[in-house]
Amino acid sequence: MKKRPTIAAALATAALLVLGGCAQPFKADVARFQQLPATQGQSFIIVADDPRLAGGLEFDQYASLVAHKLGGVGYVPSEDPAKADLIVRMNYAVDNGREKVRTTGFSSDPFYRGYGRYGYWGYPYRWGFYDPFLFGPGYQDIESYTVYTGTLNLKIDRVSDNQRLFEGKAESQSLSNKLTYLVPNLIDAMFVNFPGTSGETVKITLAPEKDRN
């Protein structure tokens, strides 16, 4: 059966598009395990935990964001990578997405039992109620959309004894699969109350980018 175009369906689609943009708050689940000592200006370098990301300009851009965040909590980028106190290993990805289906539409409103010469019998028109001239005698639209899961993994090792000091994972579901949108937001979420309580998973909500300054 051919789907009937409707105003409500158009509004629903528009709402989904808005949710995929940066005008909406960004939500992420962040899990952290850590035994970091108090910061005393320890130096660090950032490397790709996935060899496929190493050496890329995109990785370097995200690494600079992480370096800025670490600098804000007391760590110092190492001028000589061979003498760094800490190695920060970063990995990020977005999956291929999964399809979700939603149904939109209205059926006959039991409060509107008929239509007379001067309008609905006894009831004023209000947006959202059944209108047989606008929507027909009943309709149902089925819409599908894709939800993507973006992840950021961060690990910090102490160079002197190769001991793992921090493991963190930030994960978010979005209508966008663009790493340039997902990764910076995941980094921001990772560093909320960094380094966090070990073993705790928290839900982080970030204000839209334009409202963060």
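Me: Contact means heavy atoms within 4.5 Å. What share of the contacts with a separation of 6 or more in the protein chain comes from residues 24 or more positions apart?

Reply: In the protein chain, residues 24 or more positions apart account for 77% of the contacts with a separation of 6 or more. This is a predicted model, in which local features need pLDDT of at least 70 and side-chain atom pairs count only at pLDDT 80 or more, while totals for chains, interfaces and linings use all residues. Residues are numbered from 1 along each chain as its sequence is written, and side-chain values use heavy atoms, with hydrogens and water left out.

Me: How many helices and strands does the protein chain have?

Reply: Helices (H or I, at least four residues) and strands (E, at least two) are DSSP runs, numbered from the N terminus. The protein chain has four helices and 10 strands, and their pattern along the sequence is α-β-β-α-β-β-β-β-β-α-β-β-α-β.

Me: What part of the protein chain is buried?

Reply: Buried means under 20% relative accessible area, exposed over 50%, and partly exposed in between (1.4 Å probe, protein chains only). Of the 213 residues in the protein chain, 37% are buried. As for area, taken from the Shrake-Rupley method with a 1.4 Å probe, the protein chain exposes about 13100 Å², and carbon and sulfur atoms supply 53% of that.

Me: Why is strand β2 described as largely enclosed by the rest of the structure?

Reply: Strand β2 covers residues 43-48, and five of its six residues are buried, so it is largely enclosed.

Me: Which strands pair with β2, and in what sense?

Reply: Two strands pair if DSSP finds at least two bridges between them. β2 is joined to β3 by two bridges, and these strands run parallel. β2 also pairs with β4 in the parallel sense, over five bridges. F44 shows both pairings: it stands opposite P77 in β3, and its bridge partner in β4 is L86.

Me: What hand does the unit of β2, helix α2 and β3 have?

Reply: A crossover is right-handed if, with the strands pointing away from the viewer, the path from the first strand over the helix to the second runs clockwise. β2, helix α2 (residues 57-72) and β3 make a right-handed β-α-β unit.

Me: In the loop between β3 and β4, is S78 buried or exposed?

Reply: S78, in that loop, has a relative accessible area of 18% and is therefore buried. Leaving out residues up to four places away in sequence, S78 touches S43, F44, I45, K83 and A84. A82 sits in the loop between β3 (76-77) and β4 (86-94) as well, but at 70% relative accessibility it counts as exposed.

Me: Which residues does S174 touch?

Reply: S174 lies in strand β9 (residues 163-174) and, at 7% relative accessibility, counts as buried. Apart from residues up to four places away in sequence, S174 touches T146, V147, Y148, Y181 and L182. A polar contact is a pair of N or O atoms within 3.5 Å; within protein, one must be able to donate a hydrogen and the other to accept it, and residues adjacent in sequence count only if both atoms are side-chain atoms. The side chain of S174 reaches the backbone nitrogen of S176 at 2.9 Å.

Me: Where is N162, which has a positive phi although it is not a glycine?

Reply: N162, with a phi of about 60 degrees, is in the loop between β8 (141-158) and β9. It counts as exposed at 57% relative accessibility. N193, also not a glycine, has a positive phi of about 55 degrees; it is found in the loop between α4 and β10 and is exposed at 65% relative accessibility.

Me: What is the form of the peptide bond from F194 to P195?

Reply: That peptide bond is cis, with omega near 5 degrees. P195 is in the loop between α4 and β10 (200-206).
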